[in-house]
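Subject: A structure for you to explore

Hello,

Here is the structure I promised to pass on to you. Have a look around first, and then read my notes below.

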Amino acid sequence: MGPAGRLLAAAALLSSLCLHGLLGNSGRAFSHSGPVPHRIDHVEEDDDSGGLMPELSPTGSPQPFVPFLAPAPLAPFYNNTTPKLSGKCSLNFTAIDSLMTTTAVDCFALFAPFLANVICCPQLQATLTILIGQSSKQTGSLALDPAAANYCLSDVQQLLMSQGASDDLHSICSVHLSNATEGSCPVSSVDAFESVIDSSKLLEACRKVDPVNECCSKTCQNTINDAAQKISSKDAVLTSYTGSPKVDSCRNVVLRWLSSRLEPSPASKMLRQISNCNVNEVCPLSFPDTSKVAKECGGTVKNFTVCCEEMDSYVSHLQKQSFITNLQALDCASSLGNKLQKMNVSIDVYSTCQITLKDFSLQGKLNKSGCLLPSMPSDASFDPSSGISFTCDLNDNIAAPWKSSLKPSASSCNRSPGPGPGPSIPERPSATSAQNGVSHNRLELSLVICLGTLLAAHLLQV
């Protein structure tokens, strides 16, 4: 059975278990008179669990909360097998054992395709970077040769799979040899690197990355890019430009050197914060053909009900793709709005049809509870008794912004109001209470994983 078949079988099995539990406990789960199986309590500020948004009707302003995704039935399916390693990779996996576990949970089999863009793949790339960086302390090299890279990338996949991660991460995250080798960068040894770069300046700029301002100030990123540009021209063959394959290869070398000078946990935090800046700049969704929406909503609208039905149908296709951050949702709303306006849709269909930012993300329950991840998403977490969880940001329960004139979407550093009567693009979302460490409510919901596995099974069949 191929990877997709195994994933579908797992989703189907979990779904059947969930449905059995739901049917057996439906009286208790949906009755107010019997014992309530879900509790709401306060947790300490260092609790970082999270999950999908259930179908609730909160009063007043929505507060951030983090329901668990999986109940105890997930625990027996948590893969903990002995990995089949090549024996030909010299990387010290034991030195970053905790980080490997974090990556395996972030890329858990069922959810890896839906968390790939925001959580799974950035964490996997950080792990590879740190592995090679830490190894350089013994080898003196900031890159693997192609043969060793092949073995090591395979071993990483095996180790992560043994802890429950997807068996298709190389495809999901587009992992290539360049993620571990020097690529086209002329510098790969620690000595050669430190002879060219002002290492103290580089380390000072990136030792502590400002999680709020880095994406706009680019203090660490600019220093990294300058270093990459400098070592890329060491062979004096051609002048490299930012974004060229050569500079990109050298940027990987710079990140590995930084990871060798920090402990694994701070290094992972630094790499993820830099990655978040790039992730939040681009809408990761694929927009299908909008001609049907344009037909019913373009020009002078004859029937608003039909227009909104078509719009809802269109958005439902977007909701099958992946979880996205609140800033990505802003970009997606702006991109789709511009696309529709170019097709003569002049009315604000977001406001008219009550389309919110959450409607652009993967939906949790009955297509009424989208989960937007925070702009600085935390790692997923695993507990044997409650399963996989991650945090949804509920502070952005706002209408999708409709620009009244055709302009490029504003960057996250300059979300300024646009001209005209349409809603303005909101400011960059601030950190949620969950991110700030303020005590927040936790819901332990045994129903949500059932919906997640049913959704996974459905999407795998599409």
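Are Y350 and F360 buried or exposed? Both of these residues are buried. Please keep in mind as you read that this is a predicted model.

Let me stay with that pair for a moment. The ring centres of Y350 and F360 are 6.0 Å apart and their planes stand at 85 degrees, so the two rings meet edge-to-face. Planes over 60 degrees apart count as edge-to-face.

In total, the structure holds 6 aromatic pairs. Ring pairs also join F108, F111, F323 and F390 into a cluster.

In soluble globular proteins, nonpolar side chains tend to be buried together. Here, the largest nonpolar core has 60 residues, and the ones that touch the most other members are F193, L202, I224 and I231. Several helices give two or more residues to this core, including α3 (97–106), α5 (146–161), α8 (199–206) and α12 (264–279). The largest share comes from α4, with 10 residues.

Leaving aside residues up to four places away in sequence, I224 touches L202, C206, R251, V254, L255, L258 and I274.

Finally, here are two spots in the backbone to look up. S174 has a phi near 50 degrees, which is a positive value in a residue other than glycine. You will find S174 in the loop between α6 (169–172) and α7 (190–196). With a relative accessible area of 45%, S174 counts as partly exposed, since that label covers values between 20% and 50%.

K218 also is a residue other than glycine with a positive phi, near 55 degrees. Its place is the loop between α9 (214–217) and α10 (219–232). K218 has a relative accessible area of 26%, so K218 is partly exposed.

Enjoy exploring, and do write back with any questions.

Best wishes

Technical notes
Residues numbered from 1 in each chain as written. Predicted model: local features only at pLDDT ≥ 70, side-chain atom pairs only at ≥ 80, totals over all residues. Heavy atoms only, no water. Phe/Tyr/Trp six-rings, centres within 6.5 Å; stacked < 30°, edge-to-face > 60°. Buried < 20%, exposed > 50% of the residue type's maximum accessible area, 1.4 Å probe, protein only. Helix = DSSP H or I, 4+ residues; strand = E, 2+ residues; numbered from the N terminus. Core = buried A, V, L, I, M, F, W, Y, C linked by side-chain atoms within 4.5 Å. Contact = heavy atoms within 4.5 Å.
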